[in-house]
Amino acid sequence: MACEQGPASETVVPPICQGCSLIDEVVCEGLDRALDNAAAPVDFAARKPAIELEGECTSGSRR
Ligand SMILES: [Zn+2]
């Protein structure tokens, strides 16, 4: 994951495969801060972002 770097907390994002229903888990550092920045213009402080990644696993390039 290409996330903003810095002293930020970690957000766990579950990627959900719609092909095989596999649910994995990735930890994304700085995601909460990025969301906080995004919400700042509307005077909203993000506390607990809930994010899901829906898609399909790419078996060819899976680590
Ligand atoms: Zn899959």
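Trainee: What share of the 63 residues is buried?
Mentor: Buried residues make up 3% of the 63 in this predicted model. A residue is buried if 20 or more other C-beta atoms lie within 10 Å of its own, exposed if 12 or fewer, and partly exposed in between, with C-beta atoms placed from the backbone.

Trainee: Predicted, okay. What is the mean pLDDT?
Mentor: The mean is 80, and 81% of the residues reach 70 or more. pLDDT is the predictor's confidence in each residue, from 0 to 100.

Trainee: Which element has the lowest mean pLDDT?
Mentor: Strand 1, residues 10-13, with 85. Strand 2, residues 15-17, has the highest, 91.

Trainee: Let's stay on strand 1. What does Glu10 touch?
Mentor: Glu10 sits in strand 1. Leaving out residues up to four places away in sequence, Glu10 touches Val27, Cys28 and Glu29. Contact means that the C-beta atoms of two residues, placed from the backbone, lie within 7 Å. Glu10 and Gly30 are 20 residues apart in sequence, yet 6.3 Å apart C-alpha to C-alpha.

Trainee: Why does Glu10 count as partly exposed?
Mentor: Because Glu10 has 13 C-beta neighbours inside 10 Å.

Trainee: And Cys28, where is that?
Mentor: In strand 3. Cys28 counts as partly exposed because it has 19 C-beta neighbours inside 10 Å. Cys28 and Val12 are 16 residues apart in sequence and 6.1 Å apart in space, C-alpha to C-alpha.

Trainee: Switching to loops. Where is Ile51?
Mentor: Ile51 is in the loop between helix 1 and strand 4. Ile51 touches Thr11 and Val13, again not counting residues up to four places away. Ile51 is partly exposed, because 13 C-beta neighbours lie inside 10 Å.

Trainee: What about Arg47, buried or exposed?
Mentor: Exposed, because 8 other C-beta atoms lie within 10 Å of Arg47. Arg47 is in the loop between helix 1 (31-39) and strand 4 (53-55). Arg47 and Arg33 are 14 residues apart in sequence and 9.5 Å apart, C-alpha to C-alpha.

Trainee: Now backbone angles. What is phi at Ser21?
Mentor: Positive, about 60°, although Ser21 is not a glycine. Most residues other than glycine have a negative phi. Ser21 lies in the loop between strand 2 and strand 3 (26-29). Ser21 is exposed, because 7 other C-beta atoms lie within 10 Å.

Trainee: And what is phi of Asp43?
Mentor: Near 55°, a positive value in a residue other than glycine. Asp43 is in the loop between helix 1 and strand 4. Asp43 counts as exposed because it has 6 C-beta neighbours inside 10 Å.

Note on methods:
Residues are numbered from 1 along each chain as its sequence is written. This is a predicted model: local features need pLDDT of at least 70, side-chain atom pairs count only at pLDDT 80 or more; totals for chains, interfaces and linings use all residues. Helices (H or I, at least four residues) and strands (E, at least two) are DSSP runs, numbered from the N terminus.
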